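This report describes a predicted model. It starts with a contact between charged side chains and then widens to the chains as a whole.

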2 protein chains.
Amino acid sequence: MSNNQFKRGELYSFITGKASTAIARRLQKKFNAANLNLTIEQWSVLYHLWKQDGISQQELCNASFRDKPSITRLVDNLEKLQLVKRVSSESDRRMNLIYLTKQALKLQDQTMELANETLNEALEGVSPDRIDVCREVLQIVYDNLK
Amino acid sequence: MSNNQFKRGELYSFITGKASTAIARRLQKKFNAANLNLTIEQWSVLYHLWKQDGISQQELCNASFRDKPSITRLVDNLEKLQLVKRVSSESDRRMNLIYLTKQALKLQDQTMELANETLNEALEGVSPDRIDVCREVLQIVYDNLK
DNA sequence: TTTGGATAGTTGTATAAACAACTATATGTC
DNA sequence: GACATATAGTTGTTTATACAACTATCCAAA
């Protein structure tokens, strides 16, 4: 028997990720209300490209904690939306380098603003140091399991 | 303007729920390794039924933070696996009451054990009071947004 | 230079979530 | 009792995820 550390309620919440689901839903609603035709998952890919443009799909896999087929299809859809372009690498023709379009660059400010707004709503009434503890714990969880 | 409370890394982790995703994946792998032919989502429905059997699909929606079509299909799949049975309510024929089968009752101990094990791995090296803070913050986030 | 293993990406299939539109049943009001 | 409205559940469609199997390219060792 492992131990008695977790009461049921805790266990369920941790595993099902109710909080992050709620945050993602709220942000999606904001995107929809702003007529941004963009899913949170697509946004999360753009998020990495805004930090560094022209990375490979494999690097997007690592950065976004998704497998290769997931990234293939997200990039497919982002390409349909004309937000990214696949460019075959000259030095290694196995790789596609993913580049943002002008249209995608324009989305950064507005969507980051909505994301910040969402987090402020989510964390209203929580003190900064408790947020810090929470963030650190979640990081350890991720590191423990990845 | 919202504020500057969040650095990028924090923001992304909170929204995409990397930690809970990692926990769910680890638990799924344990289910697979134990030859339990069961998804985490299906397990999370059983979880509520183990607490209270014979509730309606709508109550499962509320308990599991899912919409009605999601529950319809999860119950469909659980029925195919012969883990639950839909029983039309006598008092209100719009409702299906969902009952666990004997087979599903047998799964409770083993899967809860695997879930506890997973959480112990996830939270290794985190002190109980920090876990508490984290859990409380996540609960507030959920309450703020639901 | 050939060959075999590793790496990058794609495709097929199953499960799941969100949203809209739908059916069936219940209920309250006239 | 009839009708409007609300509630419970289902179905269709799109997007996303996981896993397995596949192709194409690269690279290193014989």
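## A salt bridge between the chains

Glu136(A) and Arg130(B) join their side chains in a salt bridge, with N to O at 2.4 Å. The term salt bridge is used for a side-chain nitrogen of Lys or Arg within 4 Å of a carboxyl oxygen of Asp or Glu. Glu136(A) is partly exposed, at a relative accessible area of 33%, and Arg130(B) is also partly exposed, at 28%. Here buried means under 20% relative accessible area, exposed means over 50%, and partly exposed lies in between (1.4 Å probe, protein chains only).

Across the interface of chain B and chain A, the rule finds 2 salt bridges. Over all chains the count is 18.

## Salt bridges within chain A

Within helix 7 (residues 128-145) of chain A, Arg135(A) and Asp132(A) lie 3 residues apart, about one turn of the helix. These two form a salt bridge, and their closest N and O atoms are 2.7 Å apart. Arg135(A) has a relative accessible area of 24% and is partly exposed; Asp132(A), at 30%, is partly exposed as well. Helix 7 of chain A also holds Glu136(A), whose pair crosses between chains to Arg130(B) in helix 7 (residues 128-145) of chain B.

Another salt bridge links Arg86(A) with Glu79(A), at 2.8 Å from N to O. Arg86(A) is partly exposed, with 24% relative accessible area, and Glu79(A) is partly exposed, with 29%. Elsewhere in chain A, a network of salt bridges connects Arg26(A), Lys30(A), Glu117(A) and Glu121(A).

## The interface

How many residues does each chain bring to the contact? Chain A brings 61 residues and chain B brings 60, where contact means heavy atoms within 4.5 Å. The two chains bury about 6200 Å² between them, and 66% of this is on carbon and sulfur atoms. Of the area that chain B buries against chain A, 12% comes from Phe14(B), Ile15(B) and Leu145(B), more than from any other three residues. Buried area is the accessible area (1.4 Å probe) that two parts lose on being put together, summed over both.

## Chain A as a whole

Chain A contains 7 helices and 3 strands. Starting at the N terminus, its elements follow the order α-α-α-β-α-α-β-β-α-α. Helices (H or I, at least four residues) and strands (E, at least two) are DSSP runs, numbered from the N terminus. The C-alpha trace of chain A spans about 55 × 40 × 25 Å along its principal axes.

Of the 146 residues in chain A, 48% are buried. Among its contacts between residues at least 6 apart in sequence, 52% join residues at least 24 apart. The accessible surface of chain A is about 7700 Å², with 46% belonging to carbon and sulfur atoms; such areas come from the Shrake-Rupley method with a 1.4 Å probe, and for residues only the protein chains shown count as cover.

Chain A carries 21 positive and 18 negative side chains, and the centres of the two sets are 6 Å apart. Lys and Arg count as positive and Asp and Glu as negative, while His and the chain ends are not counted. Each charge is placed at NZ of Lys, CZ of Arg, CG of Asp or CD of Glu.

## Conventions

Residues are numbered from 1 along each chain as its sequence is written, and chains are lettered from A and ligands numbered from 1 in the order in which they are written. In this predicted model local features need pLDDT of at least 70, side-chain atom pairs count only at pLDDT 80 or more, and totals for chains, interfaces and linings use all residues, while side-chain values use heavy atoms, with hydrogens and water left out.
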